[in-house]
Amino acid sequence: MGNESTSAVVVTGGASGIGRASAVALAARGRPVALWDLDPDRAAGAADEITRVHGVPAVGLGIDVTDSSRFAEALERSRSVVGTVGGLVHAAGTVVAQPVGELDEAGWDFVMAVNLRAFPLLVQALLPDLMSSSGAAVVGISSIEGWIGNAAIPAYCASKAGLLGAVRSMAERFGPDGIRVNAVCPGYVETPMLAPALGVPDVRGRFEASSPLGRIGQPSEIGEPVAFLLSGAASFITGQALIVDGGVLAVD
């Protein structure tokens, strides 16, 4: 096993869903966490609960990941509570259901800004800390929609596919510095983002039937693989996309 990092991890979208589950999984392994989320109250509440349950430093900040001018200040505030940042999970994400033919440029640009553009800019902002941390690692949350098509959400599909390209590029760029960069590609998971779709008649059943396991995933089932990729147990894994989808792509 490689070096086991105990440095802090910034988790975007950390107040709910896969972001929060990732933060919890990391905290359970003794990693301090900084939750950057659009909702400051929920982020602070999640951080307080993590500290109470797992006994590690945690901080929750209201951060819009489309505004990179805020990253330096957020890092400074985070570092004052959790220490040097040796990891990043970019779990903040959004989706706009606008198929080609009905596209709104603002909607497309917003999805790209949150899901894709923010990712390398976050790494860039955290780079001095990552460079100084033994066992530093980064995980971007992609999706199986980055591998397969979905006519209703082309911006989302493109952003998640683009994230995989960014992962491979940064893995090559930062490998010599000892920084690993990977992606996790969830399938259908019980999250606030998926909730509207699951409320449509027959959609839940269709998603469940698409998996050999016959069910939708839980956020913790994504958070655990994320924590693994940030750990010393994954010290020789970089530039990869780990598909965690209950087997959907295996049979699609």
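**Entry 1**

I looked up F207 and found it buried, with a relative accessible area of 11%. This is a predicted model, so I read every value as computed. Y188 is buried too, at a relative accessible area of 19%, which is under the 20% cut-off. I then checked the two rings. The centres of Y188 and F207 lie 3.9 Å apart and the planes meet at 5°, so I logged the pair as stacked. Y188 sits in the loop between β6 (180-186) and α6, and F207 in helix α7, so the pair ties together parts 19 residues apart in sequence.

**Entry 2: the other aromatic pair**

I counted two aromatic pairs in the structure. In W36 and F71 the ring centres are 6.2 Å apart with planes at 35°, so I noted this pair as tilted. W36 belongs to strand β2 and F71 to helix α3 (residues 71-82); 35 residues separate them, and the pair links distant parts of the chain. Both W36 and F71 are buried.

**Entry 3: the largest pocket**

I read off a volume of about 1,100 Å³ for the largest pocket. Its lining has 50 residues, and G93, T94, V95, M193 and L194 are the closest to the centre. Elements that each give at least two lining residues include α1 (17-28), β2 (33-37), α4 (105-131) and α7 (203-210). I sorted the lining by class: 28 nonpolar, 15 polar and seven charged residues.

**Entry 4: the second largest pocket**

The second largest pocket holds about 150 Å³ of space. I listed 15 lining residues, with I216, G217, E221, D245 and G246 nearest its centre. Seven of the lining residues are nonpolar, five polar and three charged.

Conventions. Residues numbered from 1 in each chain as written. Predicted model: local features only at pLDDT ≥ 70, side-chain atom pairs only at ≥ 80, totals over all residues. Heavy atoms only, no water. 1 Å grid on protein atoms, 1.4 Å probe; cavity = no way out; pocket = protein on both sides within 12 Å on 5 of 7 lines; lining within 4 Å. Points joined across faces, edges and corners; volume = space filled by probe spheres on them. Helix = DSSP H or I, 4+ residues; strand = E, 2+ residues; numbered from the N terminus. Nonpolar A, V, L, I, M, F, W, Y, C, P; charged D, E, K, R; others polar. Phe/Tyr/Trp six-rings, centres within 6.5 Å; stacked < 30°, edge-to-face > 60°. Buried < 20%, exposed > 50% of the residue type's maximum accessible area, 1.4 Å probe, protein only.
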